[in-house]
Amino acid sequence: MCGIVGVISHTPVNQLLYDALLLLQHRGQDAAGIVTMQGTKCWMHKARGMVRDVFRTRNMRALPGSVGLGQVRYPTAGSADDEEEAQPFYVNAPFGVVLVHNGNLTNAKTLKQELFDVDRRHINTDSDSEVLINVLAHELGRATRDLPLTPEAVFDAVAAVHRRVRGSYAAIALVAGYGLLAFRDPFGIRPLCLGQGQGEVMLASETVALQGTGHTPLRDVAPGEAIFVDLQGRVHARQCAAQPSLNPCIFEYVYLARPDSVIDGVSVYQARLNLGEALAQRVINQLAPSEIDVVIPIPESSRPSAMQLAQKIGRPYREGFVKNRYVGRTFIMPGQAVRKKSVRQKLNAIGLEFRERNVLLVDDSIVRGTTSKEIVQMAREAGARRVYMASAAPPVRWPNVYGIDMPTREELIAHDRSVEAIREYIGADALIYQDVDAMKRVIRALNPKLDGLEASCFDGHYITGDIRVDDLAAPQPRRTQMPADDGRDEDGEGGKDDRAHSRLSLHGGTRT
């Protein structure tokens, strides 16, 4: 999961890109990067850390130009420790191409060998995004064959990318001297939307990045579609996939996206309300509402579901946990010991809401179970008489291979356990999960044009057809993860900004 943005304007775009990345910060906190273009020359700055720490005034001044793109990174392939794997990625031939990517390629290993053996291209990192930019660059070269770049040639290149690449990918690329290219995989797994402002065209992962920067969302990029925006701001579009179908990742609605975004015609907030209503029926079937004194969400993304559930069963909704917003997501922390410690740093219980009460805790999902176990214990320590747990998502039983950090079955609390066994592990008095079919039904009801929903981590069906559950049964290697720090050096000044390899001036392939 990452957040990407690209813009063409008639004024400098460095501040605009910075503001958009702040609005997408929830999609990745490991690294951030921006590239801008003036004429045919590009400038880049990228580094590990949050947006506010990566970009200082001196960095922003070194990013001139009215065309650019940016990314916030949450690594699901490669290494989180390697700053060279922060995006954007750059290749100097043909034309000079810079790319940001959200998603995960399932055939990256095969492509990497193919690029070396057949296309004569060298991949220098373990990032699948570097694989993607090299496939795109190679196909752009084949489509133009030393001729000027035209929108039709660009679309032919993207069609070839679709034929070679498998997995999930929403990508925005800058072609030096020509414009911006955006494209989305044929299943539309990861989100990408188009908007416009005063003399500007912007593409971003979520509508919140468009609206928060004063742009009007126009539409989503269709699955398999490519959009090319030339330097005059003219938008060219073409469907480049043979059999596209719209199957967005259901985890966007459950957890990943901001609630004020609209993804593929579905309000994320309304989807979470609907999930809460469906979950309420499951609760009623297993628990008498009279046994519940109060409904309490586990902040933040479960709030809409918890509110709707409480209203449906007729019990009070209360805020029982206060969240420290300055601690990173426990979901992405490197070790269970660090994760367990951070739960106490991240959440604090309000004893008044728990004391001598039967509480129903509502979470958006239960992935590893470690956090849920700790939170149940916190509720008991705060004085709860009985602690029930409800999940707005079904049991996560299979790994996600399309850009969410759930790489192995062994890490998933539900992969080989019954609901009763999970309940015993987390220490709850009752555990109620969402139903898979109900989850799909209430979200698809918000946009009948959806062909389906990518829900492999819940139902074991991998939409791209190149992954089998049996292939994921064996333990998989874990990627190297970065420490859960705030991206600053001891002096508080973010000394990483001064590393030469994080500031690049790109012109004809020369790094300075």
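**Entry 1: a strand and its neighbours**

I began with strand β8 and found that it pairs with strand β12 (residues 225-230) in the antiparallel sense, over 5 bridges. A note to myself before going on: this is a predicted model. Which residue stands opposite I227 of β12? I looked, and A182 stands there.

Next I turned to strand β7 (residues 167-175). β7 and β8 also pair in the antiparallel sense, here over 6 bridges. I picked out L174 and followed it across to its bridge partner in β8, L180. β7 and β8 form a hairpin, and I counted 3 residues between them. In that turn I checked G177, which has a positive phi of about 85 degrees.

Is β8 largely enclosed or left open? I went along residues 179-184 and found 6 of the 6 buried, so the strand is largely enclosed by the rest of the structure.

**Entry 2: aromatic rings**

Then I went looking for rings that pair up. How many aromatic pairs are there? The count comes to 7 aromatic pairs. For F251 and F458 I noted ring centres 5.6 Å apart and planes at 5 degrees; planes under 30 degrees apart count as stacked, so this pair is stacked. F251 lies in helix α8 (residues 250-256) and F458 in helix α16 (residues 456-459), so the pair ties together parts that are 207 residues apart in sequence.

F251 is buried, with a relative accessible area of 0%. F458 is buried too, with a value of 3%. I also saw that F251 and F458 form one aromatic cluster together with Y255.

My next pair was Y402 and Y462. Their ring centres are 6.2 Å apart and their planes are at 55 degrees, so I wrote this pair down as tilted. Y402 lies in the loop between β20 (386-391) and α14 (419-426), while Y462 lies in the loop between α16 and β22 (503-506), so the pair ties together parts that are 60 residues apart in sequence. Both Y402 and Y462 are buried.

**Entry 3: charges over rings**

Last, I looked for charged ends sitting over rings. Which ring does the charged end of K46 sit over? I found the ring of F89 there, with the charged end 5.0 Å from its centre. I found another case at K373, whose charged end sits over the ring of Y425, 4.6 Å from its centre.

Note on methods:
Residues are numbered from 1 along each chain as its sequence is written. This is a predicted model: local features need pLDDT of at least 70, side-chain atom pairs count only at pLDDT 80 or more; totals for chains, interfaces and linings use all residues. Side-chain values use heavy atoms; hydrogens and water are left out. Buried means under 20% relative accessible area, exposed over 50%, partly exposed in between (1.4 Å probe, protein chains only). Helices (H or I, at least four residues) and strands (E, at least two) are DSSP runs, numbered from the N terminus. Two strands pair if DSSP finds at least two bridges between them. Rings of Phe, Tyr and Trp (its six-membered ring) pair if their centres lie within 6.5 Å; planes under 30 degrees apart count as stacked, over 60 as edge-to-face and the rest as tilted. A charge sits over a ring if NZ of Lys or CZ of Arg is within 6 Å of the ring centre and within 35 degrees of the ring normal.
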